Amino acid sequence: MKKVAFIGAYDKTDFLLYLGKIITVLGKRVLIIDASITQKAKYVVPVIHPTASYLTEYEQMDVAVGFNDLDEIRGYLGLASEEELPYDYCLLDIDSFKSYSDYNAGEAIKKYFVTSFDVYSLKKGLEAISGITEKIPLTKVLFSKNFLREEDEYLEFLSMNYNIEWEKEHIDFPFDTGEQNAIIENQRTAKLNFKNLSSTYKAALQQLAEGILEQEGIGGGEIGRTIRKIEKGA
């Protein structure tokens, strides 16, 4: 199972579900773990009988909420300690150094820093990696309306004393009222409907999926076709 870590204080639940859907339709088994303090997935992902910790299926992928580490998930599934979990990819939603450490996110094949440019998201997000002693490569996933150079420069300034090696690539997600309305409607209907997402939002999802699946030899063309397939009701 390949881990992919999404680190930061910014809300990551919805776009991780869309990303997980793409990877699932491409034929991979996906587990999304909400290891955040807020545990938004508990409220967004439908479940019949929620408990303190549980794993539920949603849109052909599994979502785990309330677990402290992978061993607890193994126990929930009745697996032995250190037994491989039955997934191809695990998408980790992390907003603290504790969850980064408990889930051994340092082993992730890709690590993304997810943020908007409000000061809370920037500083609280960086706090999640403040305990990391080794240099880690991070790709920026930026949620903004304007994507100003000054915003990125401020992030670079705040992160100067952290053990971060920023990747040259960055992924820009639009953030506006129209996008939010589409996401909220999808939450109400409990469906991952891609039709009302903007072309720029879907392009960012495609870019993310390409980076994660590059080792599989799955390119942008196939991922783009998969997104169009989902739009048609896959």
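K202 and E231 are both buried. Their side chains come together in a salt bridge, with N and O 2.3 Å apart. K202 belongs to helix α8 and E231 to helix α9, so this pair ties together parts that lie 29 residues apart in sequence. Please keep in mind as you look around that this is a predicted model.

**Salt bridges**

- How many salt bridges are there? The count comes to 16.
- Is K28 buried or exposed? K28 counts as buried because its relative accessibility is 19%, and the cut-off for buried is under 20%.
- K98 and D102 form another salt bridge, with 2.6 Å between the closest N and O atoms. Both residues sit in helix α4 (residues 97–102), and because they are four residues apart there, about one helical turn separates them.
- Within that pair, K98 is exposed at a relative accessible area of 53%, whereas D102 is partly exposed at 30%.

**Surface patches**

- Which residues make the nonpolar surface patch of about 410 Å²? The patch is made by V119, Y154, F157 and M160.
- Among these residues, F157 is found in helix α6 (residues 149–158). F157 has a relative accessible area of 53%, so F157 is classed as exposed.
- E165, E167, E169 and E210 form a negative surface patch. Strand β8 (residues 164–174) gives the largest share of this patch, with three residues.
- E165 is placed in strand β8, and its relative accessible area of 48% makes E165 partly exposed.

**Backbone angles to look at**

- E59 has a positive phi, near 55°, although E59 is not a glycine. You can find E59 in the loop between β3 (54–58) and β4 (61–65).
- E59 is buried, because its relative accessible area is 18%.
- N104 also has a positive phi, near 50°, in a residue other than glycine. Its place is in the loop between α4 and β6 (110–115).
- N104 is partly exposed, with a relative accessible area of 42%.

- R74 lies in helix α3 (residues 70–77). With a relative accessible area of 11%, R74 is buried.
- What is R74 in contact with, leaving aside its neighbours within four places in sequence? R74 contacts L79, A80, S81, E82, E83 and L85.
- T38 is located in the loop between β2 and α2 (41–44). Because its relative accessibility is 60%, T38 counts as exposed.
- T38 touches Y43 and D95, if residues up to four places away in sequence are not counted.
- For a sense of where T38 lies relative to T115, the C-alpha atoms of the two residues are separated by 16 Å. Along the chain, T38 and T115 are 77 residues apart.

Conventions:
Residues are numbered from 1 along each chain as its sequence is written. This is a predicted model: local features need pLDDT of at least 70, side-chain atom pairs count only at pLDDT 80 or more; totals for chains, interfaces and linings use all residues. Side-chain values use heavy atoms; hydrogens and water are left out. A salt bridge is a side-chain nitrogen of Lys or Arg within 4 Å of a carboxyl oxygen of Asp or Glu. Buried means under 20% relative accessible area, exposed over 50%, partly exposed in between (1.4 Å probe, protein chains only). Helices (H or I, at least four residues) and strands (E, at least two) are DSSP runs, numbered from the N terminus. Patches are made of residues with over 30% relative accessible area and no salt bridge: like charges are joined within 9 Å, nonpolar side chains (Val, Leu, Ile, Met, Phe, Trp, Tyr) within 5 Å. Accessible areas come from the Shrake-Rupley method with a 1.4 Å probe; for residues, only the protein chains shown count as cover. Lys and Arg count as positive and Asp and Glu as negative; His and the chain ends are not counted. The place of a charge is taken as NZ of Lys, CZ of Arg, CG of Asp or CD of Glu. Contact means heavy atoms within 4.5 Å.
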